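Please look over the sequence and the model below before reading on. The paragraphs that follow begin with a single residue and then widen the view to its surroundings.

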Amino acid sequence: MTARTRLALTSVVAVVALGTAACSGGSGSGSNSHGTAAPAGSSSSGTSGPTPSRTTVKDTRADVPRVSPAKLADVSYAKASASRMQLFSPVAKASGGLATQRSVTTVRVGGKDAGVVAVYTLKPGSSKSATFQDQYVVQLLNAVSKSSSEPRFVKVGTQVMALSTGTRSVAGWVSSNQLVLVLRQGNQPDLAALAAAVRATPLKG
């Protein structure tokens with residue numbers, strides 16, 4: 001089992017615990033450089049306590065395969081229906097209070113609906129570490145895909161993306177203070193190509 005697999009499988013507990021600590025605002029919870037809530041019984045005074053296992057895991061972004069999906073033409077956006085917006089409702093619980101939904105929009109390719117794009121703003125102070133961001137993307141991606149299957153990470157240009165491997169096709173990534181989820185509807189186009197097209201065609205407003 002790879003380090004990335006272990007991170008994906010344990011992200012639910014880690015992220016929700018972090019969200020709870022971040023929302024409480026309590027000074028006694030503390031945090032480490034990865035943005036993880038300090039273990040129970042530890043303090044900022046240097047009292048010894050259990051060390052979170054995440055701090056010992058090597059970030060494996062250097063090992064992420066680079067892909068060059070086909071470029072999609074005529075990409076546009078339209079208002080999403082209530083039923084499509086509902087597809088992202090599981091994120092509210094899975095986010096641990098660290099992400100606020102900004103928009104949900106239908107994405108079209110060649111004038112035909114291809115999927116739905118949800119954009120979230122990350123709470124100020126959320127960890128900027130690559131390890132945490134990868135875990136958090138997996139957390140929300142699995143909530144939308146309704147799968148516990150390990151996603152596949154790829155690099156498109158300079159952007160690392162997670163692509164679901166379950167029945168429901170979802171892509172996700174973090175860029176600056178935003179997290180983007182793309183849910184493809186149907187079997188086409190290629191998921192990586194659709195995600196790359198969304199990233200290259202910013203939403204207006």
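**A threonine and its surroundings**

Leaving aside its neighbours within four places in sequence, Thr106 is in contact (heavy atoms within 4.5 Å) with Ser76, Tyr77, Ala78, Lys79, Ala80, Arg84, Asp113, Gly115 and Val116. This is a predicted model, in which local features need pLDDT of at least 70 and side-chain atom pairs count only at pLDDT 80 or more, while totals for chains, interfaces and linings use all residues. Residues are numbered from 1 along each chain as its sequence is written, and side-chain values use heavy atoms, with hydrogens and water left out.

Thr106 lies in strand E2, which covers residues 99-109; helices (H or I, at least four residues) and strands (E, at least two) are DSSP runs, numbered from the N terminus. Thr106 counts as buried because its relative accessibility is 3%, where buried means under 20% relative accessible area, exposed over 50% and partly exposed in between, with a 1.4 Å probe and protein chains only. The side chain of Thr106 also makes a polar contact with the side chain of Arg84, at 3.2 Å; such a contact is a pair of N or O atoms within 3.5 Å, and within protein one must be able to donate a hydrogen and the other to accept it, while residues adjacent in sequence count only if both atoms are side-chain atoms.

Thr105 is found in strand E2 as well, and with a relative accessible area of 12% Thr105 is buried. Its contacts beyond four places in sequence include Tyr77, Val117 and Leu203.

Strand E2 belongs to an open sheet of seven strands in the order E1-E2-E3-E7-E6-E5-E4, with antiparallel pairing, where two strands pair if DSSP finds at least two bridges between them. The edge strands, each pairing on one side only, are E1 (75-79) and E4 (152-156). From one strand to the next the twist averages 30 degrees, with axes taken as lines fitted to C-alpha atoms, for helices over the stretch in contact, and angles running from 0 to 180 degrees between N-to-C directions. Helix H4 (residues 130-145) packs on the sheet, touching E2, E3, E4, E5, E6 and E7, and its direction makes about 150 degrees with that of E6.

As for confidence, the mean pLDDT (the predictor's confidence in each residue, from 0 to 100) of the chain is 78, and 70% of its residues reach 70 or more. Over residues 1-59, however, the pLDDT is below 50. Where pLDDT is low, the predicted coordinates should not be read in detail.
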